Amino acid sequence: MKPRVLVLAVFAAALLVACGGDEGSEGDVVEGTDVTVSMFDNRYEYTEIRIPIGGSVNWLGAGRNPHNSVAGDESWSTEDVFGNLEQFEDDEAVITYTEPGEYVFFCTFHGNAEGSGMAGTLIVG
Ligand SMILES: [Cu+2]
């Protein structure tokens, strides 16, 4: 009887650890072909975005303050498609990414190219 109880206890502990890990990552990682990322005051809905080559991100204004998304290496910007660095609530900037790479992205008002503040990582491919 005793060994069986011990096995069950270990199994339950493993499940708890597995569930805890999943919850921690689901909050800020998104993966898909065409994803929408809300830009809140003053943080992105996701800080890690994974899309395939040819996938897109809809950068969606969702705050009272203006926001944007700019690549740390300046290779792309929501300004390129939206025409303005200030996106307010419901303003959309859909960017299609055709080059594989890993980009830091940031809001020019609330973050910086080093990935501090309102910032994250976009992985294409
Ligand atoms: Cu911002």
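This is a predicted model: local features need pLDDT of at least 70, side-chain atom pairs count only at pLDDT 80 or more; totals for chains, interfaces and linings use all residues.

Trainee: What is the mean pLDDT of the chain?
Mentor: pLDDT is the predictor's confidence in each residue, from 0 to 100. Here the chain has a mean of 86, and 78% of its residues reach 70 or more. Over residues 6-26, though, pLDDT stays under 50. For that stretch the model has zero contacts beyond four places in sequence, a contact being two residues whose C-beta atoms, placed from the backbone, lie within 7 Å.

Trainee: How many helices and strands does the chain have?
Mentor: Both are DSSP runs numbered from the N terminus: helices are H or I with at least four residues, strands are E with at least two. This chain has two helices and eight strands. Read from the N terminus on, the elements go α-β-β-β-β-β-α-β-β-β.

Trainee: In what order do the strands sit in the sheet of five?
Mentor: The general idea is that two strands pair if DSSP finds at least two bridges between them. In this case the five strands form an open sheet in the order 1-3-8-7-5, with mixed pairing. Strand 1 (29-31) and strand 5 (70-71) are at the edges with a single partner strand each, so one side of each has no neighbour in the sheet.

Trainee: Which way do strand 7 and strand 8 run?
Mentor: They are antiparallel, joined by seven bridges. Strand 7 and strand 8 also form a hairpin with five residues between them, and Gly-115 in the turn has a positive phi of about 95°. Strand 5 pairs with strand 7 in the antiparallel sense over two bridges, and Ala-71 has Phe-105 in strand 7 as its bridge partner.

Trainee: And what order does the sheet of three strands have?
Mentor: That open sheet has the order 2-4-6, again with mixed pairing. Its edges are strand 2 and strand 6 (92-96), each with a single partner strand, so each has one side left without a neighbour in the sheet. On average, neighbouring strands of this sheet are turned by 20° against each other, direction ignored; the axes are lines fitted to C-alpha atoms, for helices over the stretch in contact, and angles run from 0 to 180 degrees between N-to-C directions. Strand 2 and strand 4 pair in the parallel sense over six bridges, with Ser-38 opposite Leu-60 in strand 4.

Trainee: Which residues have the most contacts inside the largest nonpolar core?
Mentor: In soluble globular proteins, nonpolar side chains tend to be buried together. By definition, a nonpolar core is a set of buried Ala, Val, Leu, Ile, Met, Phe, Trp, Tyr and Cys residues joined through C-beta atoms within 7 Å. The largest one here has 18 residues, and Val-37, Ile-49, Phe-105 and Phe-106 have the most contacts inside it. Two or more residues come from each of strand 2 (34-39), strand 3 (48-51), strand 4 (56-61), strand 7 (101-111) and strand 8 (117-124). Strand 7 gives the most, with four residues. Leaving aside neighbours within four places in sequence, Val-37 has contacts that include Val-30, Ile-49, Val-57 and Trp-59.

Trainee: Is Cys-107 buried or exposed?
Mentor: A residue is buried if 20 or more other C-beta atoms lie within 10 Å of its own, exposed if 12 or fewer, and partly exposed in between, with C-beta atoms placed from the backbone. Cys-107 has 26 within 10 Å, so Cys-107 is buried. Cys-107 lies in strand 7 and, not counting residues up to four places away in sequence, touches Met-39, His-67, Asn-68, Ser-69 and Met-118.

Trainee: And is Glu-92 buried or partly exposed?
Mentor: Glu-92 is partly exposed, with 13 other C-beta atoms within 10 Å. This residue of strand 6 touches Asn-58 and Leu-60, not counting residues up to four places away in sequence. Glu-92 and Leu-60 are 32 residues apart along the chain, yet their C-alpha atoms are separated by 4.7 Å.

Methods. Residues are numbered from 1 along each chain as its sequence is written.
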